[in-house]
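Please work through the following exercises with the sequence and the structure side by side. Each task is followed by a solution that goes step by step.

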Amino acid sequence: MKPSDHPDHSKGRPPMALFPRFRSRTVRSLTAAALALPLLAACGSSGDDGDTITFAAVPAESSSTLESTFENVTALLEEETGKTVEFQNASDYAAVIEGMRAGQIDAASFGPFAYVIAKDSGIDMEPAAAPTSDPKKDPAYTSLAYVKKGSDIKGLSDLKGKKVCFVDKASTSGYLVPMKGIMDEGLDMEKDMEQVLTGGHDASLLSLDSGECDAAFAHDTMLKTLEESDQVKPGSLEPAWESEPITEDPIAVNNESMDPELAKQITTILREKANVPAMVDAGICSSEDDCVLPEEIEYGYKPVEGSDFDSIRDICDATQADACKNVG
């Protein structure tokens, strides 16, 4: 998710970007998590109402304003399709995955690995677009290991014997990508360090800042967000490692819950019109300066394909992570 927290997510992405971000639960726990969320339990299948499109998203940090950040995107979808968009602010990708499977959700913003989990578990869904702050660059972001300023930890090899904060075992930049980097250094995630799962990118860095861990992983713009909101003193935390570029969080369209023509129309809208210049031209936004997009995206969305996330499967093959074993 390119939390903009992420104005600079748009780093160029190589064809086989080795590191992608996400957050969710393993497939075996999806049903339980979904049932725990009343927001999905209260909804019938969106396929029952041809005049409504159900759109879901999960914040990269604790947020009560996620719906407002997607307001221009949902307004665009309403104007272009003539249908009502019902927004669902979820707290866990697991519930979104089960909502897609049950036909309760028509489109959703996923983390890259969560998308792979959903797709490879048999849901007929395709990625439409992912965010970037630079129209000349592909949608991408990175995972970073942060430490307190002055720490003796200078790289991943120094994590041996340390207490390390991660986001979630099904998080791309908060666990899976770091796992690959740590393994490449010859360390064992289970034996060589004490893991702390914080549940959020913001929580991971806040735990580091408060001294609960010696190092913490998060996506590339979360620290800036926490510094600008005065939750972390600027300069108190610094990066000790950064991954290669990761394909950004996709908005995926559910082919099972909607008429094929509507699914195709939504995909085209997101790819061609869900960007600041186009939304200003369409009257969705009054000006480029006032055109708010999720996580402070500066430009908008660009097309992505399913193959853009094959690198996540490559990481799964290399790491044999537990979350990966539950895919499919």
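The exercises below concern a predicted model, and they take up a sheet, the disulfides and a helix in turn.

**Exercise 1. Determine the strand order of the five-stranded open sheet, and state which strands lie at its edges.**

Step 1. Reading across the open sheet, the five strands come in the order 8-7-9-6-10, and their pairing is mixed.
Step 2. Strand 8 (194-197) and strand 10 (237-242) are the edge strands, since each of them pairs on one side only.
Step 3. Direction ignored, neighbouring strands of this sheet are turned against each other by 30° on average.

**Exercise 2. Describe how strand 6 is joined to strand 9, and then find which strands are touched by helix 7 and which by helix 8.**

Step 1. Strand 6 (residues 143-148) and strand 9 (residues 215-219) run antiparallel and are joined by four bridges.
Step 2. Within this pairing, the residue of strand 9 that stands opposite Ser143 is His219.
Step 3. Helix 7 (residues 172-184) packs on the sheet, where it touches strand 6, strand 7 (163-166), strand 8, strand 9 and strand 10, and its direction makes about 120° with that of strand 9.
Step 4. Helix 8 (residues 201-209) also packs on the sheet, touching strand 6, strand 7, strand 9 and strand 10, with a direction that makes about 155° with that of strand 9.

**Exercise 3. Count the disulfides, give their pattern along the chain, and characterise each link.**

Step 1. A disulfide is a covalent bond between the sulfur atoms of two cysteines. With sulfur atoms required to lie within 2.5 Å, the count comes to three disulfides.
Step 2. When the bonded cysteines are counted along the chain, the pattern is 1-2, 3-4, 5-6.
Step 3. The sulfur atoms of Cys165 and Cys213 are 2.3 Å apart, and the link, with -110° about the S-S bond, is left-handed. This pair links distant parts of the chain, 48 residues apart, with Cys165 in strand 7 and Cys213 in the loop between helix 8 and strand 9. Cys165 and Cys213 are both buried.
Step 4. Cys285 is joined to Cys291 with an S to S distance of 2.1 Å, and the 50° about the S-S bond goes with a right-handed link. Cys285 counts as buried because its relative accessibility is 6%, and Cys291 counts as buried because its relative accessibility is 6%.
Step 5. In the disulfide of Cys316 and Cys324 the sulfur atoms are 2.0 Å apart. The torsion about this S-S bond of Cys316 and Cys324 is about -65°, and therefore the disulfide is left-handed. Cys316 and Cys324 are buried.

Terms used: Residues numbered from 1 in each chain as written. Predicted model: local features only at pLDDT ≥ 70, side-chain atom pairs only at ≥ 80, totals over all residues. Heavy atoms only, no water. Pairing = 2+ DSSP bridges. Helix = DSSP H or I, 4+ residues; strand = E, 2+ residues; numbered from the N terminus. Axes fitted to C-alpha atoms, helices over the stretch in contact; angles between N-to-C directions. Contact = heavy atoms within 4.5 Å. Buried < 20%, exposed > 50% of the residue type's maximum accessible area, 1.4 Å probe, protein only.
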